[in-house]
Each structure stands twice: as C-alpha cells, then as structure tokens.
Amino acid sequence: PTRRSSDLYINGNKLNKVTHSYNLNQTDNVVELIWNNNIDDCQFIFYHCYDITEIDLSSFDASKCTSVWCMFHYCSMLTSLNLSNFNTSQVTDMHFMFCGCSTITSLNLSNFNTSQVTNMYSMFLGCSSLTSLNLSNFDTSLVINMDNMFYSCINLEYINLKNFEENNLTSYSDMFYNIPD
C-alpha cells in the first residue's frame, strides 16, 4: 500500500486513533504517542511523516527497542522532538534515525545510552537546521559505521564529540561532508 505523509505507521501498521496498546492524539500536526507495552522494534515509526511538526515521546517505553533506524526519517517539518525519557540502552542500530529532519534546530540526546550501538550510518544526514549538537555522552566504543553521519548538516557550527571512541570504527567516509569549517 502507498503511504501518505499524513498517515502514521507503528511497526508497519497504519494507526488511526486507538488500537491495541497505542494511544495517539494528533491535532494541528502535533503527535503525542503513548506506548503501553514494551516493544523491541522502533524502526520506521515516523518514517516520512512530512507534515508532523511536534512529537512528544516523553511517555514512550522504548526500553526493549534494539533498532531505531529510520525512526524519524524525513520528518522534514519536525521542529520539536521530546526524547527526554527515551531509553536507548538496548539499541544496536541508529542509522538514518534523524535523516532528513531538515527543520529541527536542536536535539537533546543527553539521556541516550549508545553503549550497544554498532551502526550510526547517516544518523543526522541532512539535518540542515541543526546549529549545535552535544554528543559528549555518546559511547561509541562498539560503533563500526559512521559513514555520512553529519553529511550536509550545513548549519552545524558546534558539535561536542568529547567521548567519541574509534576503536572498532571501520567506516567513516564523508562523516563531516558539507558542514561548516
């Protein structure tokens, strides 16, 4: 089936209002998602939700999620994203997580636990409105791939990579391509 930008999919299932354990309140392009069950796959949840401007995941239980790849892929109108309680302790794959979120100006990822992550390929690719990013809490000791991680973050003037490790890093081509010097 063809996905429209106004449709919301959770684990590949179109979500209209309340189904199973999902509770979605959407008004004026604002989405609040409350997840009552533990899940293990957060892939593509907001994939290509072009018209959503705000997402509040402060009540979202992601403690068993192992993959968040493409979670917000091309949410190109997104300006506010609350990930304050987003548990990433089991996540191994973050590639394309924020790819194409071209209008978001800031991301608070201070609570992210990346100690299990091996893939950050194109994680922030095309986040062209981001001006600063503090990733000092990121544990990258297991990361193998960071290709295109900050590709075309054209307004990214400050980035804190204080604790980045590259012990297992084998691929990092164009990691900082097209960002300010």
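Figure 1. Of the contacts in the protein with a separation of 6 or more, 73% are accounted for by residues 24 or more positions apart, a contact being heavy atoms within 4.5 Å. This is a predicted model, in which local features need pLDDT of at least 70 and side-chain atom pairs count only at pLDDT 80 or more, whereas totals for chains, interfaces and linings use all residues. Residues are numbered from 1 along each chain as its sequence is written, and side-chain values use heavy atoms, with hydrogens and water left out. The protein has nine strands and zero helices, and along the sequence its pattern reads β-β-β-β-β-β-β-β-β; strands (E, at least two residues) and helices (H or I, at least four) are DSSP runs numbered from the N terminus. Buried residues make up 46% of the 181 residues, where buried means under 20% relative accessible area, exposed over 50% and partly exposed in between (1.4 Å probe, protein chains only). The accessible surface comes to about 8600 Å², with 44% of it belonging to carbon and sulfur atoms, as computed by the Shrake-Rupley method with a 1.4 Å probe, only the protein chains shown counting as cover for residues.

**Figure 2. The disulfide of Cys42 and Cys65.** A search of the whole structure finds one disulfide, defined as a pair of cysteine sulfur atoms within 2.5 Å. It joins Cys42 to Cys65 with an S to S distance of 2.0 Å, and it links distant parts of the chain, as Cys42 lies in the loop between β5 (30-35) and β6 (54-56) and Cys65 in the loop between β6 and β7 (80-82), 23 residues apart. The link of Cys42 and Cys65 is right-handed, with 50° about the S-S bond. Cys42 counts as buried at 0% relative accessibility, and Cys65 is likewise buried, with a relative accessible area of 0%.

**Figure 3. Cysteines Cys70 and Cys101.** The cysteine sulfur closest to that of Cys70 belongs to Cys99 and is 7.2 Å away, which is too far for a bond; Cys70 is buried, with a relative accessible area of 4%. Cys101 is in no disulfide, the nearest cysteine sulfur being that of Cys75, at 5.1 Å. At 1% relative accessibility, Cys101 also counts as buried.

Figure 4. Leaving aside residues up to four places away in sequence, Ser89 touches Ser63, Asn113 and Gln116. Ser152 lies in the loop between β8 and β9 (158-160) and counts as buried at 18% relative accessibility. With the exclusion of residues up to four places away in sequence, Ser152 touches Gly126, Cys127, Ser128, Tyr177 and Asn178.

**Figure 5. Confidence along the chain.** The mean pLDDT of the protein is 83, and 78% of its residues reach 70 or more, pLDDT being the predictor's confidence in each residue, from 0 to 100. Among the elements, strand β8 (residues 132-134) has the highest mean pLDDT (97) and strand β3 (residues 18-19) the lowest (31). Over residues 16-26 pLDDT stays under 50, and the model has 26 contacts beyond four places in sequence for them. Where pLDDT is low, the predicted coordinates should not be read in detail.
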